[in-house]
Amino acid sequence: MQAFTTIKSTAIPLPIEDVDTDQIIPARFLKATTREGFGDNLFCDWRFDREGQPKKDFVLNNPTYRGEILVAGKNFGCGSSREHAAWAIGDYGLRVVVSSFFADIFRGNALNNGILPVVVSPDFLDQIFQAIEQDPGATFTVSLEDQNFQIDANGASATFDIDPYKKNCLLKGYDDIDFLLSQQEEIEAYEKV
């Protein structure tokens, strides 16, 4: 995985609540066994019509909104436990998803795949959406080291929680296997005792 550094980026607003994993990546695309190519089908049924043409009113088809941050409504990633939802988000180029609540399994899958799920209060989430509405080019700074999300235009910020182990893995670009391999000398020394 790519190591997570401080990210300063514009954001894509998706103010929809209860977005489930079937909306993130429809089930018909789950046949692949590698992570590549899923970004092309992120929110496919919302992005494209039956002929495969982009729907002009969907945010990912609007060139005004770009960036590595997706700002979503409450209860993002609910539904089935498909890891492919995190694969699609990462393959699309998103590194951070912000919401006031994530489904637990989605949150774990995101962290396992190098995507930082940032939980903020509903009030702060509204502030983020307002900042984007006022200026689609507004930037935000996400510091994993400081566990802080900032609206750059006005300096408003919020801290977020993250499991210390997952934080360490994201900062170093480790998945669980990489972490174990980084501990190889300690493991071997322990086994000799």
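The model is predicted, so local features need pLDDT of at least 70 and side-chain atom pairs count only at pLDDT 80 or more, while totals for chains, interfaces and linings use all residues. Residues are numbered from 1 along each chain as its sequence is written, and side-chain values use heavy atoms, with hydrogens and water left out.

**Asn 75**
- Asn 75 sits in the loop between strand E3 (69-72) and helix H3 (84-92), where helices (H or I, at least four residues) and strands (E, at least two) are DSSP runs numbered from the N terminus.
- Asn 75 counts as buried because its relative accessible area is 18%, the limit for buried being under 20% (1.4 Å probe, protein chains only).
- Contacts of Asn 75 (heavy atoms within 4.5 Å) include Asp 18, Val 19 and Phe 101, leaving aside residues up to four places away in sequence.

**Arg 82**
- The loop between E3 and H3 also holds Arg 82, which is buried because its relative accessibility is 16%.
- Beyond residues up to four places away in sequence, Arg 82 touches Thr 21, Asp 22, Ile 25, Pro 26, Ala 27, Leu 30 and Asn 109.

Conventions: Buried < 20%, exposed > 50% of the residue type's maximum accessible area, 1.4 Å probe, protein only.
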